[in-house]
Amino acid sequence: MRLRTLLIWLAVVPTVAMGTQVTLTAQRLLDQSEQLRSDVVAAERIGAPLYTLMVDMQAERTATASRWMETGGSEGELRARREATDLAAAEFRRLAVDPSRSFGEVTRQLDKLADHRQRADTRSGTADSTLAYYSEVIGKVIQVYQQEFSHAEDAELAQASRPVVSMLQATEMVAREDTVLALAGPSGELTFAGYDQFVSALGAQRYLHEALIVPHLTARDQRFYERVVGSADWQTKTRIESAVLSGHKDIASGIRLPADIAGWPSAHANFSVQMTTLNIDLARSVLARGDAKAAELQTEVAWLIAGSAGGLLAVVVVVVLTTRSVLRRLHDLHERTVTVAEETLPDVVSRLQRGQTVDPGVLPAVSGDRDEVGRISDAFARAVAVSVDGHRQLAAERHGFGLFASGIASRTGNLVSRQLSLTEDLQDTFGHDEALLAELMRADQLTVGMRRQIENLLILAGGEVPDPHTEPMRVADLLREAAAEVEDFRRIERQALDEISVEPSAISRISHLLAELLDNATRFSPPRAKVVIRAEVVADGLSVEIEDRGPRVSPERYEEMNGRLHAAPPYSVLAQNAHRLGLFVVGHLAEQLRATVTLRRSVYGGTSAVVILPGELLVAADERDPRAPEPEPQRALEAPAPVPELLPAPAPAPAATAAASVPGPAQAGGPEPAPEPVAHTSAGLPSRRTKAPAAVPAAAPAPELVPVPARAGRPALPERVPQTHIAEQLREPRAQETVVRPDTATPEEVADAWADYEQGTQTVEEELRRDQP
């Protein structure tokens, strides 16, 4: 999950939860407000008729009790009370049509009113059972008040409505006392059950007044209540109740009440009106509180919605700003990290590998931020610092190893130079012995190869091969110089297709590069196969192609070898390929020259190495020094020049050297001129001279050698100066080179060369097999 999505979810989930909670709370408050308003409306519409019904039922119950006892005038009173009750019941039936409220029980009890009235008129049953019906209906009315208008879901309104219900219950207890005293009749006698009902009603109404009514009245209602209970009628009521409790007499049929009960009806008629007024005021006060509470709940819902909307908006704003801030910082950190990883760090590593200094300001620094993003940035800065320190140490070790390898190469080069000087001295001393001279030339060629390997070590160690040349060199001469560095130079066929020269500063490096490729081509080609090197000018510069007849190589192998040519490997890769460093040397030289080297399969099945030298390394033929001699035209297919060009005077050259000889042209009208003798350098390489040496006498054991005369107008070939292209550490003063005798290849020598080639090929194949995974 993306961090943006995670942050959004972290904001959405609490927001949705908060919104849901606010919605539920608002819905609950609105429902409560609607319920309160519904209760207020129902109480205003039904409360008054229901209270009137209760009062009329109480009065009819007392009148029924009086009629049961045949009290004078009770029949007219009962008829009036029944008419009032019927009117109240009809009004209640008309208004109590809501099926969701508990009005149905009262309605069902009112349906039995006619039957109980008939029983009272016929005096069927007992008076207690008839009067109990009225008490049951009044109890249902009080229960409706308690269930519908007590507001039990709101604690404040429930506390305010508690005195109203308690007052109704207390009024009912006083009405029951009135009914019981009406049953006493003129005789003032009660049954024991009737007396118990009076005592129970008296105790209940006193408890209700003391415990549930007075403590919960408001100050205004408390003052009104005190006026009622302090009135003379209430005092008469209290005095009569006390007299009944203390002044009654037990008789055989029940209880005889005191004569004080005669003042009860008038007192009850007065204080009951006052209590009715108090009940109505209490009910109206509760209804007003309910309406105010409903409005307050609606206001609370409005504030809740507004506050919640503001809170949600604040949460959204904070989340958006926080998310954008965090994502912006993370994006900046990512950009800095990518820049450091893809640009800064590679550039620093490259500079360290080149031995250059690194500015600490380009690297990320530890800022010391204490938040998470800052700590991640500091951790990355520390990781980069550790990486740079590691690369700096590695570069220092590489530089130190390069200095060490350069020192080793310098000391070894001195020994090789001394070896070459000694070989040249031997060639000068024993040049008359052709067999010994041939062996000395082979030793000289091997020594030259050793010198090239030492220069390879110098190149891989990071050094450069200095170039002592001061004049441009023709491409044909450059190819000849490169071929002369190879041990089996006789098999190299050179083709210079264009007359172009090379800058002096790049001659040694180009020669060394081509010598490595030629050496590799001769070692992996059959012993009698030719290796062709051709050079021609192309659009991108100078193209030099080396083609051999070696074994087939897979495309994967070509890709691996080209990778070595195009990238400088670390020392670990060099150590794993210590026996195949030629390609790495070629890659280093190509990088210095800004040239490209590509290996591919040739049309003959072997390998073709294509070297593209940039045009800035070339010099046109017309830009050469005008004082320099006119160069010799190069043939398209030229015989291998390094082969000794020595011909015996009396007879043609043997088969071993005939292929390398160059006959002179015939003189018109005269005898065939004698061949020009070919001199050799101190390294054993053939070179042409303008002056012929003294001829060897014919009586000598060796065949007489006569020089091959130069063609008319043909200048002398450039002479290779030994040890002028090697590193400065490897150069020492050399002795003056002398003319040596030719090398005649005998069949035994050819056999030895073939044996050496097979042994070398087997050794290379064995090393290749060991390298395979």
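Tutor: Happy to! Of the contacts in the protein with a separation of 6 or more, 76% are between residues 24 or more positions apart. Keep in mind that this is a predicted model. The protein has 773 residues, of which 43% are buried, and its secondary structure comes to 19 helices and 13 strands.

Let's settle on the largest nonpolar core, which has 48 residues. Ile-510, Leu-513, Leu-514, Leu-518 and Ile-546 have the most contacts inside this core. Take Leu-518 and leave aside its neighbours within four places in sequence: Leu-518 then touches Ala-482, Ala-483, Val-486 and Ile-492, as well as Val-531, Ile-533 and Ile-546. Here is a general idea to go with that picture: in soluble globular proteins, nonpolar side chains tend to be buried together.

Apart from this core lies another one, of 40 residues, including Ala-65, Met-167, Ala-182 and Leu-257.

Now for the rest of the chain. An open sheet of 3 strands runs in the order β1-β3-β2, with antiparallel pairing. Because β1 (189-190) and β2 (249-250) stand at the edges with a single partner strand each, one side of each has no neighbour in the sheet. Between β1 and β3 (residues 255-256) there are 2 bridges, and Leu-190 stands opposite Ile-255 in β3.

Finally, an unreviewed UniProt entry lists residues 301-321 as "transmembrane region". In the model, that stretch is 100% helix and 0% strand, with its end C-alpha atoms 29 Å apart.

Terms used
Residues numbered from 1 in each chain as written. Predicted model: local features only at pLDDT ≥ 70, side-chain atom pairs only at ≥ 80, totals over all residues. Heavy atoms only, no water. Pairing = 2+ DSSP bridges. Helix = DSSP H or I, 4+ residues; strand = E, 2+ residues; numbered from the N terminus. Core = buried A, V, L, I, M, F, W, Y, C linked by side-chain atoms within 4.5 Å. Buried < 20%, exposed > 50% of the residue type's maximum accessible area, 1.4 Å probe, protein only. Contact = heavy atoms within 4.5 Å. UniProt positions renumbered as here; feature names shortened; annotations may be inferred.
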